[in-house]
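Me: I'd like to go through some strand labels and ask what backs each one up. Here's the model.

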Amino acid sequence: MKTKIFISAVLLIAMLTPCASIAQGVNGNSLHWVRTPFSHDAETLCVHDGFLFAGGENGLYRSSDEGNIWMSVVNGLNGNTNSPEVQLLYSYGNYLLAKVVDWGIYRSMDNGNNWKRSSIPLSPFTFVTQGRYLFAETGMIDRSPDSGSIWEEADSGITPKMAGHHAPCFGLASIGNTLITANKDGQLFRSTNGGLLWDSTSSHFHIPFQYSLSLFTINDSTLFLHLVDTLFRSTDFGMNWKIIKTGIGRPTIVAKNGLIFIGTYGVILSTDNGDSWKNISGDIIDTMSISALVIQDNYLFASGYYSQSTGLAGIWRCPLSDFTNSVVEDKLLTDDFKISPNPSNGRGSISYNLRTASNVKIELYNSIGQVLKILSNSFEQEGDRTSQFNISDLPSQEYFIRYQDSKGSNVLPILLLK
């Protein structure tokens, strides 16, 4: 009986969700973004032992056929409830690790069929691997010598210490034999001995209130750092940093064979280590808030939160060959889209310079992709343009302003502080 119910549930996921569709790419190039039958909001994606996993507030699912059919794999997660919220997945050797909201870290050795809870109730934001240790950034740095069952503090040398003896940290990356993180004040620290001792660097970033700093390993010699709406790059193990792009909301990043993909609102691509970027979203996922990216075999997978403008959520895939065989150019009519002031008390202006006349639509989104306000929607002549806005009726938090003209769109974050 249990087998019959399980098979029926798997088939139901494939039958009740919308059929896959294809989006047209920018500049007329066909980007074959196909929507898989997974129609939930997915917060995290992971490839482990040849399987594709997707986690979110509706539980954890696994696909063995590139996202065409999905099955629930929650046995042992969160006391066997039907839909534990899975926020983070990480593949580590024979183990698949899952962060479950309010329950901590779980591990599986059989591709998600059964789960066992870690003895330490950590709530990590990031996992990285170096040598024989698994590291977790939980607001501080912890490491595990046994694939995530036992954890120990690994923040010696990071200052300042808070109440007790912990050093609050933002972000964590591993590159070569070097670990890198930032303290609560934005000072970068490095460790070259497995987290036993950390040394401060000359790099320091100001972290505004309500913001955090994120670190990403791109390849054997390149790190990315994201703060507020700016992306930085280091090619010397975190000693020096260069701004390579602005106007980037909180990103998810994945890289393979010289292709670097960033997901925020839609997806952008760099083939020159971050020096230039191209919009590869297509017309459909361009409006989606991208929560995770992952590469499996010859496909790029992107998961998106529900978008009010499209009514779509779920997981999309696109062949990597679409990005290597065609040139996709940025298509905006302006490269000078700015918000002032930012942070804002609720009133401000949006400025841009149009190279040619076009209809311009400016919308305000929240963090899950819902349109809260249409700030402007009119036909504009070429030249310098300014649009005033008033969002003082909204609560203080981070929002996103989306600019769209007849050729494309761009999204910038705005922090409302009242």
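This is a predicted model: local features need pLDDT of at least 70, side-chain atom pairs count only at pLDDT 80 or more; totals for chains, interfaces and linings use all residues.

Me: What makes E13 and E14 a pair, and how many bridges join them?

Reply: Two strands count as paired if DSSP finds at least two bridges between them. E13 (residues 141–144) and E14 are joined by 2 bridges and run antiparallel, so they meet that definition. Residues are numbered from 1 along each chain as its sequence is written, and side-chain values use heavy atoms, with hydrogens and water left out.

Me: Why are E11 and E14 said to stand at the edges?

Reply: The open sheet has 4 strands in the order E11-E12-E13-E14, with antiparallel pairing. E11 (126–130) and E14 (152–153) each have a single partner strand, so one side of each lacks a neighbour in the sheet. The strands themselves are DSSP runs (E, at least two residues), numbered from the N terminus.

Me: What makes E17 "mostly covered"?

Reply: Buried means under 20% relative accessible area (1.4 Å probe, protein chains only). In E17 (residues 187–191), 4 of the 5 residues are buried.

Me: And which strands does E17 pair with?

Reply: E16 (residues 178–183) is joined to E17 by 4 bridges, and E18 (residues 199–204) by 3; both pairings are antiparallel. Leu-179 bridges to Ser-191 in E17, while Arg-190 has Asp-199 in E18 as its partner. In the E16–E17 hairpin, with 3 residues between the strands, Gly-186 takes a positive phi near 90 degrees.

How values were computed
Buried means under 20% relative accessible area, exposed over 50%, partly exposed in between (1.4 Å probe, protein chains only).
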